[in-house]
Amino acid sequence: MKKIVVRENPTVEDVKELLEFAEKHNGMVTIFARCRVYYEGRAKSELGEGDRIIIIKPDGSFLIHQNKKREPVNWQPPGSVVKIEGNKVVSIRRKPREKLEVELIESYAITVFLAEDYEELSLTGSEAEMAKLIFEKPEVIEEGFKPMFKEKPIKHGIVDILGVDREGNVVVLELKRRRADLHAVSQLKRYVDSLKEEYGDKVRGILVAPSLTEGARKLLEKEGLEFRKLEPPKRESRKKSKQKTLDFF
(Lines give C-alpha, C1' and ligand atoms only; values in the text may rest on other atoms or scores of the structure.)
Protein backbone atom coordinates (compact mmCIF):
# COMPACT_ATOMS: atom_id res chain seq x y z
CA MET A 1 0.00 0.00 0.00
CA LYS A 2 1.31 3.43 -0.91
CA LYS A 3 2.17 5.73 1.96
CA ILE A 4 1.24 8.79 -0.07
CA VAL A 5 -1.69 9.32 -2.42
CA VAL A 6 -1.42 12.39 -4.66
CA ARG A 7 -3.84 14.00 -7.08
CA GLU A 8 -2.94 17.06 -9.08
CA ASN A 9 -5.56 19.61 -10.11
CA PRO A 10 -8.25 17.73 -8.15
CA THR A 11 -11.94 18.38 -8.58
CA VAL A 12 -14.20 18.98 -5.59
CA GLU A 13 -15.26 15.33 -5.89
CA ASP A 14 -11.60 14.26 -5.75
CA VAL A 15 -11.12 16.31 -2.59
CA LYS A 16 -14.21 14.77 -1.01
CA GLU A 17 -13.12 11.26 -1.97
CA LEU A 18 -9.64 11.64 -0.51
CA LEU A 19 -10.95 13.26 2.67
CA GLU A 20 -13.16 10.21 3.17
CA PHE A 21 -10.22 7.90 2.42
CA ALA A 22 -8.04 9.77 4.91
CA GLU A 23 -10.73 9.56 7.58
CA LYS A 24 -11.04 5.80 7.07
CA HIS A 25 -7.27 5.16 7.22
CA ASN A 26 -6.21 7.86 9.71
CA GLY A 27 -4.36 9.74 7.02
CA MET A 28 -3.01 13.28 7.12
CA VAL A 29 -4.34 15.52 4.35
CA THR A 30 -2.55 18.41 2.69
CA ILE A 31 -4.33 20.61 0.17
CA PHE A 32 -2.49 23.17 -1.94
CA ALA A 33 -5.07 25.65 -3.18
CA ARG A 34 -6.09 29.18 -3.99
CA CYS A 35 -8.82 29.91 -1.50
CA ARG A 36 -10.79 32.26 0.71
CA VAL A 37 -11.19 31.66 4.44
CA TYR A 38 -14.13 32.47 6.68
CA TYR A 39 -14.31 32.05 10.44
CA GLU A 40 -17.26 32.40 12.79
CA GLY A 41 -17.17 31.67 16.51
CA ARG A 42 -15.90 33.78 19.39
CA ALA A 43 -15.43 36.48 16.73
CA LYS A 44 -15.73 36.77 12.95
CA SER A 45 -12.97 37.04 10.37
CA GLU A 46 -12.47 36.77 6.64
CA LEU A 47 -9.28 36.22 4.65
CA GLY A 48 -9.33 37.18 0.99
CA GLU A 49 -8.19 35.16 -1.99
CA GLY A 50 -4.67 33.73 -1.92
CA ASP A 51 -2.51 30.61 -2.33
CA ARG A 52 -2.38 28.57 0.88
CA ILE A 53 -1.64 25.17 2.37
CA ILE A 54 -4.43 23.44 4.29
CA ILE A 55 -3.41 20.64 6.65
CA ILE A 56 -5.96 18.28 8.20
CA LYS A 57 -4.72 15.75 10.76
CA PRO A 58 -6.40 12.52 11.90
CA ASP A 59 -7.16 14.00 15.32
CA GLY A 60 -9.24 16.76 13.72
CA SER A 61 -6.58 19.48 13.83
CA PHE A 62 -7.12 21.88 10.92
CA LEU A 63 -4.45 24.42 9.94
CA ILE A 64 -4.19 27.04 7.21
CA HIS A 65 -0.73 28.32 6.34
CA GLN A 66 0.33 31.27 4.20
CA ASN A 67 3.76 31.57 2.60
CA LYS A 68 5.13 33.48 5.59
CA LYS A 69 5.45 33.15 9.35
CA ARG A 70 5.61 29.99 11.43
CA GLU A 71 2.09 29.97 12.84
CA PRO A 72 -1.04 29.12 10.87
CA VAL A 73 -3.13 32.11 9.84
CA ASN A 74 -6.17 30.25 11.15
CA TRP A 75 -6.77 26.88 12.75
CA GLN A 76 -9.10 24.54 14.60
CA PRO A 77 -8.01 22.27 17.48
CA PRO A 78 -8.08 18.45 17.76
CA GLY A 79 -11.60 17.05 17.99
CA SER A 80 -13.00 19.25 15.25
CA VAL A 81 -15.10 17.64 12.50
CA VAL A 82 -14.29 18.17 8.82
CA LYS A 83 -16.73 17.93 5.94
CA ILE A 84 -17.31 19.18 2.38
CA GLU A 85 -20.09 21.68 1.63
CA GLY A 86 -20.15 22.50 -2.07
CA ASN A 87 -16.70 23.85 -2.92
CA LYS A 88 -15.89 24.52 0.74
CA VAL A 89 -13.89 22.43 3.19
CA VAL A 90 -15.50 23.09 6.56
CA SER A 91 -14.15 22.44 10.04
CA ILE A 92 -16.57 22.60 12.97
CA ARG A 93 -15.69 22.72 16.64
CA ARG A 94 -18.62 21.90 18.89
CA LYS A 95 -17.64 23.43 22.27
CA PRO A 96 -17.30 26.32 22.02
CA ARG A 97 -19.09 26.47 18.69
CA GLU A 98 -16.66 27.58 15.98
CA LYS A 99 -16.82 27.18 12.22
CA LEU A 100 -13.92 27.57 9.81
CA GLU A 101 -14.66 27.48 6.08
CA VAL A 102 -12.15 27.27 3.25
CA GLU A 103 -13.63 28.14 -0.15
CA LEU A 104 -11.58 26.34 -2.80
CA ILE A 105 -11.24 28.63 -5.80
CA GLU A 106 -8.57 26.53 -7.51
CA SER A 107 -7.03 23.33 -6.14
CA TYR A 108 -3.49 22.61 -7.31
CA ALA A 109 -2.94 19.31 -5.51
CA ILE A 110 -4.12 17.17 -2.62
CA THR A 111 -2.11 14.53 -0.79
CA VAL A 112 -2.99 11.92 1.81
CA PHE A 113 -0.07 10.72 3.91
CA LEU A 114 -0.66 7.47 5.80
CA ALA A 115 1.81 8.31 8.51
CA GLU A 116 2.78 5.81 11.20
CA ASP A 117 4.33 7.53 14.22
CA TYR A 118 4.16 5.88 17.63
CA GLU A 119 6.93 7.76 19.41
CA GLU A 120 6.27 10.24 22.18
CA LEU A 121 8.57 13.21 22.62
CA SER A 122 10.46 13.05 25.88
CA LEU A 123 12.19 16.23 26.94
CA THR A 124 15.20 16.05 29.20
CA GLY A 125 15.85 18.85 31.58
CA SER A 126 12.25 20.05 31.41
CA GLU A 127 10.20 21.79 34.09
CA ALA A 128 8.00 18.67 34.19
CA GLU A 129 11.02 16.60 35.18
CA MET A 130 11.98 19.19 37.77
CA ALA A 131 8.50 18.83 39.26
CA LYS A 132 8.79 15.04 39.23
CA LEU A 133 12.12 15.24 41.05
CA ILE A 134 10.66 17.56 43.71
CA PHE A 135 7.75 15.18 44.33
CA GLU A 136 10.17 12.25 44.61
CA LYS A 137 12.71 14.14 46.77
CA PRO A 138 11.02 17.18 48.34
CA GLU A 139 14.11 17.74 50.50
CA VAL A 140 15.80 19.33 47.47
CA ILE A 141 13.64 22.36 48.33
CA GLU A 142 14.05 22.07 52.11
CA GLU A 143 13.62 19.59 54.94
CA GLY A 144 10.00 19.19 55.91
CA PHE A 145 8.59 20.47 52.63
CA LYS A 146 5.58 18.49 51.39
CA PRO A 147 4.43 19.00 47.79
CA MET A 148 0.65 18.65 47.48
CA PHE A 149 -0.42 19.71 43.99
CA LYS A 150 1.15 19.94 40.55
CA GLU A 151 -0.08 22.59 38.06
CA LYS A 152 -2.70 23.82 40.52
CA PRO A 153 -5.17 26.37 39.06
CA ILE A 154 -5.70 29.43 41.26
CA LYS A 155 -7.42 32.78 40.78
CA HIS A 156 -4.59 34.39 38.80
CA GLY A 157 -2.99 31.50 36.95
CA ILE A 158 -1.60 28.00 37.41
CA VAL A 159 0.96 27.26 40.13
CA ASP A 160 3.71 24.81 39.15
CA ILE A 161 3.79 23.18 42.59
CA LEU A 162 1.74 24.00 45.67
CA GLY A 163 2.73 22.52 49.02
CA VAL A 164 3.25 23.15 52.72
CA ASP A 165 6.34 23.54 54.88
CA ARG A 166 7.02 22.04 58.32
CA GLU A 167 5.41 25.09 59.96
CA GLY A 168 2.18 24.65 58.04
CA ASN A 169 2.78 27.59 55.70
CA VAL A 170 1.48 27.38 52.14
CA VAL A 171 4.43 27.22 49.74
CA VAL A 172 4.25 28.25 46.08
CA LEU A 173 7.01 26.96 43.79
CA GLU A 174 7.61 28.60 40.42
CA LEU A 175 9.88 26.38 38.28
CA LYS A 176 12.20 27.60 35.52
CA ARG A 177 14.51 25.21 33.70
CA ARG A 178 16.73 28.07 32.55
CA ARG A 179 18.03 31.22 34.18
CA ALA A 180 15.15 33.02 35.88
CA ASP A 181 14.51 36.70 35.14
CA LEU A 182 12.33 39.56 36.40
CA HIS A 183 9.29 38.12 34.66
CA ALA A 184 9.60 34.90 36.67
CA VAL A 185 9.73 36.88 39.93
CA SER A 186 6.68 38.95 38.95
CA GLN A 187 4.82 35.76 38.07
CA LEU A 188 5.65 34.21 41.45
CA LYS A 189 4.62 37.38 43.31
CA ARG A 190 1.26 37.39 41.52
CA TYR A 191 0.57 33.83 42.67
CA VAL A 192 1.67 34.56 46.25
CA ASP A 193 -0.48 37.70 46.45
CA SER A 194 -3.45 35.76 45.13
CA LEU A 195 -3.10 33.01 47.75
CA LYS A 196 -2.58 35.55 50.53
CA GLU A 197 -6.16 36.67 49.92
CA GLU A 198 -7.20 33.23 51.17
CA TYR A 199 -4.45 32.24 53.60
CA GLY A 200 -3.17 35.58 54.88
CA ASP A 201 0.54 35.94 55.60
CA LYS A 202 1.10 32.18 55.90
CA VAL A 203 2.17 31.99 52.25
CA ARG A 204 5.75 31.65 50.99
CA GLY A 205 6.95 31.96 47.42
CA ILE A 206 10.04 30.14 46.17
CA LEU A 207 11.57 30.55 42.72
CA VAL A 208 13.29 27.31 41.66
CA ALA A 209 15.81 27.53 38.81
CA PRO A 210 19.46 26.76 37.91
CA SER A 211 20.32 30.46 38.33
CA LEU A 212 18.79 33.94 38.21
CA THR A 213 19.66 37.38 36.92
CA GLU A 214 20.92 40.09 39.25
CA GLY A 215 17.71 42.04 38.70
CA ALA A 216 15.64 38.99 39.62
CA ARG A 217 17.70 38.46 42.79
CA LYS A 218 17.14 42.06 43.92
CA LEU A 219 13.41 41.91 43.22
CA LEU A 220 13.10 38.62 45.14
CA GLU A 221 14.72 40.24 48.17
CA LYS A 222 12.54 43.34 47.87
CA GLU A 223 9.32 41.30 47.72
CA GLY A 224 10.31 38.87 50.49
CA LEU A 225 10.43 35.89 48.14
CA GLU A 226 12.98 33.07 48.10
CA PHE A 227 15.25 31.23 45.68
CA ARG A 228 16.36 27.60 45.47
CA LYS A 229 18.99 26.52 43.00
CA LEU A 230 18.01 23.34 41.17
CA GLU A 231 19.37 21.99 37.90
CA PRO A 232 16.86 20.16 35.67
CA PRO A 233 17.42 16.38 35.72
CA LYS A 234 19.30 15.02 32.71
CA ARG A 235 17.44 11.75 32.51
CA GLU A 236 16.12 10.59 29.17
CA SER A 237 13.45 8.06 28.42
CA ARG A 238 11.83 6.96 25.21
CA LYS A 239 8.41 5.40 25.01
CA LYS A 240 7.49 3.15 22.14
CA SER A 241 4.15 1.70 21.19
CA LYS A 242 3.67 -1.39 19.14
CA GLN A 243 3.25 -0.58 15.46
CA LYS A 244 -0.02 -1.32 13.77
CA THR A 245 -0.46 -2.75 10.29
CA LEU A 246 -2.47 -0.67 7.85
CA ASP A 247 -5.06 -2.31 5.63
CA PHE A 248 -4.21 -2.18 1.96
CA PHE A 249 -6.03 0.27 -0.29
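## Strands, helices and buried residues

Ile 54 stands opposite Ile 64, a residue of strand 4. The model is a predicted one.

**The hairpins.** Strand 3 and strand 4 (residues 62-65) run antiparallel, joined by four bridges. They form a hairpin with five residues between them. Gly 60 sits in that turn with a positive phi of about 95 degrees. Strand 3 also pairs with strand 2, again in the antiparallel sense, over eleven bridges. Which residue of strand 3 is the bridge partner of Thr 30? The partner is Ile 55.

**Helix 1.** This helix covers residues 12-25, 14 residues in total. From first C-alpha to last, helix 1 reaches 20 Å, close to the 20 Å expected at 1.5 Å a residue. Its buried residues are Asp 14, Val 15, Leu 18, Leu 19, Phe 21, Ala 22 and His 25. Why do these residues share one side of helix 1? Because they cover an arc of only 165 degrees around the axis. Glu 13, Glu 23 and Lys 24 are exposed on the other side. The cover over the buried residues includes strand 1 (4-8), strand 2 (28-40) and strand 3 (44-56). Strand 6 (81-85), strand 7 (88-93) and strand 8 (98-113) are also among the covering elements. Asn 26 follows helix 1, and its phi is positive, near 55 degrees.

**Glu 103.** This residue belongs to strand 8. Is Glu 103 buried or exposed? Glu 103 counts as buried, because its relative accessibility is 16% and the cut-off for buried is under 20%. Leaving aside neighbours within four places in sequence, Glu 103 is in contact with Arg 34, Cys 35, Arg 36, Tyr 38, Asn 87 and Lys 88.

**Charges over rings.** Two of the residues in contact with Glu 103, Tyr 38 and Lys 88, also pair up as ring and charge: Lys 88 lies over the face of Tyr 38. A second case involves Lys 150 and Phe 135. The distances are tabulated here.

| Charged residue | Ring | Distance to ring centre |
|---|---|---|
| Lys 88 | Tyr 38 | 5.3 Å |
| Lys 150 | Phe 135 | 4.9 Å |

The count of aromatic pairs, by contrast, comes to zero.

**Tyr 191.** Helix 3 (residues 182-199) holds Tyr 191. Its relative accessibility is 4%, so Tyr 191 counts as buried. Beyond its neighbours within four places in sequence, Tyr 191 is in contact with Ile 154, His 156, Gly 157, Ile 158, Val 159, Val 172 and Glu 174. Tyr 191 and Leu 175 are 16 residues apart in sequence. In space, their C-alpha atoms are 13 Å apart.

**Ala 216.** Helix 4 (residues 214-223) contains Ala 216. With a relative accessible area of 0%, Ala 216 is buried. Which residues are in contact with Ala 216, leaving aside its neighbours within four places in sequence? They are Ala 180, Asp 181, Leu 182 and Val 185. One of these, Leu 182, falls in helix 3 (residues 182-199). Ala 216 and Leu 19 lie 197 residues apart in sequence. Their C-alpha atoms are 52 Å apart in space. Leu 19 is itself one of the buried residues of helix 1.

Definitions and conventions:
Residues numbered from 1 in each chain as written. Predicted model: local features only at pLDDT ≥ 70, side-chain atom pairs only at ≥ 80, totals over all residues. Heavy atoms only, no water. Helix = DSSP H or I, 4+ residues; strand = E, 2+ residues; numbered from the N terminus. Expected span 1.5 Å × (residues − 1). Buried < 20%, exposed > 50% of the residue type's maximum accessible area, 1.4 Å probe, protein only. Arc of directions from axis to C-beta. Contact = heavy atoms within 4.5 Å. Phe/Tyr/Trp six-rings, centres within 6.5 Å; stacked < 30°, edge-to-face > 60°. Lys NZ or Arg CZ within 6 Å of the ring centre and 35° of its normal. Pairing = 2+ DSSP bridges.
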